[in-house]
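Here's a quick briefing to keep beside you while you look at the model. It starts with a question about strand pairing, then goes chain by chain.

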Amino acid sequence: MIIETEDYKIDCTDKRKAVISGVLRLQSPISYNEAFKNIKKHMEDSPDSYTIDISELIFLNSAGITSFARLILLARNKDITINFIGKQDIPWQQKSIVSLKKLWEKLNIELT
Amino acid sequence: MHANIKYPVYGSYINNEDRNASLSDISIDFIVPMELITQWKRCGLVADFIAYYQSIKHRNKKRVESILSTVTNELLENAIKFSSDKNKLVNLSLRQYSSKISIEAINICDIEQAVELDNFISKIVSEDPEVLFYKQIEYAVKHDKASSKLGIITLKKDYNAQIGIKISEKKSASSLYDIYVKVTLDSKELEGE
């Protein structure tokens with residue numbers, strides 16, 4: 001399952017891992033519900049862990065950060081581990097994604 | 001000023017610090033039609049342009065461009081979401097001083113939006129940005145809201161930005177307000193030094 005627009009791509013082919021790339025600046029958290037529906041479904045089906053690869057996600061706006069927080073809280077509610085894989089040299093990842101760490105103790109963030 | 005507005009001036013607007021700065025070597029003003037609410041992508045395009053325009057004079061171009069685009073986009077999205085009339089204009093400007101850069105968005109809102117912004121100011125005055133961030137995250141997730149002002153809190157918390165907000169009643173129309181939101185970034189922080 002792949003959602004692809006001229007701005008971003010969300011690849012959920014692997015049921016345990018989503019790869020999000022491009023620029024995600026949707027209008028509101030509600031707009032993200034549709035874009036993240038496959039991620040949410042796979043997380044709900046996941047027995048123990050789920051991974052989101054954002055290494056090629058260049059920009060994410062604050063509505064997107066809220067939507068990532070929603071996924072992290074879903075993981076917390078299901079008591080599963082959620083892993084974010086990103087890049088150290090993308091400033092918003094280094095600054096904002098790391099600040100979500102406190103939402104869930106089983107949130108792992110790996111920036112390379 | 002309307003009786004419900006407790007904080008007509010907040011943060012960097014209080015001392016008007018930029019007016020005292022010794023160097024002002026770039027100023028770009030954009031007028032963005034509010035109708036772009038239906039063409040949301042234009043927020044990002046304008047933000048990217050301003051960021052690229054400014055970044056070429058910095059050492060760490062890629063980092064500066066990325067941060068300026070993020071900051072400008074949040075300001076612009078905020079201005080558009082909190083405008084009363086979608087046919088009005090948003091004014092966006094970037095100014096560079098000797099050791100800092102400020103980006104300012106100006107838009108027009110109604111009294112309900114002005115009071116909402118005023119309530120937000122009362123929160124950032126009294127609460128630690130990190131505590132407020134988690135509160136707003138929980139609120140936004142619970143209510144599916146776009147108007148959590150998370151963007152402004154994020155800029156303050158993650159980018160060490162100085163925030164200034166000014167709510168000014170329009171003389172020509174008493175039920176409308178000019179809203180000024182300014183984000184000031186330290187050049188060293190911007191360069192990652």
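In which sense do β5(B) and strand β6 (residues 176–186) of chain B pair, and over how many bridges? In this predicted model, the two run antiparallel, with 8 bridges between them.

**Chain B: strand pairing**
- β5(B) covers residues 162–169 and also pairs with strand β1 (residues 9–11) of chain B, again in the antiparallel sense, this time over 3 bridges.

**Chain B: the overall picture**
- Chain B has 7 helices and 6 strands.
- Chain B has 193 residues, and 39% of them count as buried.
- Take the contacts in chain B with a separation of 6 or more: 72% of them link residues 24 or more positions apart.

**Chain A: an open sheet**
- In chain A, 6 strands line up as β1-β2-β3-β4-β5-β6 in an open sheet with mixed pairing.
- β1 (2–4) and β6 (107–111) of chain A sit at the edges with a single partner strand each, so one side of each has no neighbour in the sheet.
- From one strand to the next, the twist averages 15°.
- β1(A) is joined to strand β2 (residues 8–11) of chain A by 3 bridges, and the two run antiparallel.
- Within that pair, A:Glu4 stands opposite A:Lys9 of β2(A).

Technical notes:
Residues numbered from 1 in each chain as written. Chains lettered and ligands numbered in written order. Predicted model: local features only at pLDDT ≥ 70, side-chain atom pairs only at ≥ 80, totals over all residues. Pairing = 2+ DSSP bridges. Helix = DSSP H or I, 4+ residues; strand = E, 2+ residues; numbered from the N terminus. Axes fitted to C-alpha atoms, helices over the stretch in contact; angles between N-to-C directions. Buried ≥ 20, exposed ≤ 12 C-beta atoms within 10 Å, placed from the backbone. Contact = placed C-beta atoms within 7 Å.
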